[in-house]
Structures are given as C-alpha cells and as structure tokens.
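Hi,

Here is the structure I promised to pass on. Have a look at it first, then read my notes below.

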Amino acid sequence: MSLLIINTLPIEDEQVKQAIKDLTYNQKDFKLINTLGKDIRYCVGCYHCWLKTPGVCSIKDDHEEVLSSYVQYENIVYISDTSFGFINSETKRIVDRILPLQTFVTQYKDGETRKCQRYVKNYRFGVLYRGIGDEAYLNQWLSRFSSHIGGSSFGAFSISNAKEMSLCIL
C-alpha cells in the first residue's frame with residue numbers, strides 16, 4: 001500500500017519524528033511532504049480547476065507538489081495541529097485545495113449528491129493530530145470528507161497513537 005504523509009508541523013519536533021517513523025516503519029512506497037514554510041495559498045473558489053483548466057489549479061504555488069502526489073498514492077495521512085478541537089488552518093487550507101481531483105459533474109449516490117471524481121482511485125484518508133482534538137468530530141468529518149472524494153477513512157488519531165494508525169494502513 002502506498003502512503004502519502006502531508007505534515008504541517010515542524011519536522012524537528014520529536015513527536016512528529018516519532019510519528020513519521022511509526023507510520024513508515026513497514027512502508028516500502030511512501031512520500032513525506034513537509035508543508036511548513038511552503039507557499040500554499042487558500043482556495044479562492046474560482047472553479048477554474050473544474051471549468052477552464054480541468055484538473056489544474058489556477059493558483060501557482062507549492063501546492064502543485066501535493067496535488068500531483070494525491071494521484072500517485074492511495075493512503076493519505078495529514079499530520080496536523082488542532083484549533084478548537086479540529087484540524088488547524090494550515091491543514092484545512094491543504095484539504096480545501098483538493099478540488100481539482102473532482103469534476104463539476106454531480107451524481108446521486110448513497111442518498112446524497114456528490115461530485116464525480118476525475119481519477120478513479122480508492123483513497124483512504126487519516127488524520128494524525130497534536131493537541132486537544134475532538135476525536136469524535138474529527139472522525140465524523142474525515143468520514144464525510146473521504147466519501148465525497150470517493151474514498152474511505154481509516155480514522156483520526158492522536159499523534160501519540162501513530163503506531164495504532166500504522167496498523168490501519170497495512
């Protein structure tokens with residue numbers, strides 16, 4: 001199973017180092033993207049990625065590496081700080097920029113209207129959070145987010161439980 005780790009925390013942090021070590025212990029195919037210090041801007045909702053330049057974001061910044069990596073990996077883990085029990089704004093900014101992986105075409109599935117996926121993949125998402133996170137809410141959000149991207153969730157875990165999360169990735 002391939003693994004993409006998107007880390008928004010300082011890579012020098014001992015908890016982060018240990019979490020990455022735990023997540024990648026048995027992984028042969030993984031990529032780590034450290035976003036701290038990168039120029040990743042907020043989605044402006046222009047929908048060019050759906051209409052004018054399908055699959056390509058109109059914002060030219062360091063997020064292009066993240067976006068192209070989504071297509072190559074099926075397990076994606078966000079390592080995030082928390083704010084008010086939820087992922088922090090840095091991680092949310094990255095999550096919001098996933099729109100180019102979808103089309104503007106909608107379909108009715110499981111009693112809901114959802115966007116059609118540009119690439120057929122069985123994504124699996126997870127969140128490894130540091131701080132005071134509302135785990136029930138994070139899991140609910142992650143499950144909803146995953147289903148709207150055409151994937152599934154393997155859960156939200158405290159950064160101290162990275163070993164437990166790594167068992168879900170195998």
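Which strand gives the most to the lining of the largest pocket? Strand 6 does, with three residues. Strands here are DSSP runs of E with at least two residues, helices are runs of H or I with at least four, and both are numbered from the N terminus.

A quick word on the source: this is a predicted model, where local features need pLDDT of at least 70 and side-chain atom pairs count only at pLDDT 80 or more, while totals for chains, interfaces and linings use all residues. Residues are numbered from 1 along each chain as its sequence is written, and side-chain values use heavy atoms, with hydrogens and water left out.

Back to the pocket (on a 1 Å grid over the protein atoms alone, an open set of points with protein on both sides within 12 Å along at least five of seven lines; lining residues have an atom within 4 Å of a point). The largest one holds about 180 Å³ of space, a volume being the space filled by probe spheres set on the points, which are joined across faces, edges and corners. Its lining has 13 residues, with Gln107, Lys109, Gln117, Ile149 and Gly150 nearest the centre. Strand 5 (102-109), strand 6 (112-117) and helix 4 (135-148) each supply at least two of the lining residues.

There's also one cavity of 30 Å³ or more; a cavity is a set of points where a 1.4 Å probe fits but cannot get out. The largest cavity has about 90 Å³ of space. Among its 13 lining residues, Cys43, Cys46, Cys49, Cys57 and Leu99 lie nearest the centre.

Cheers
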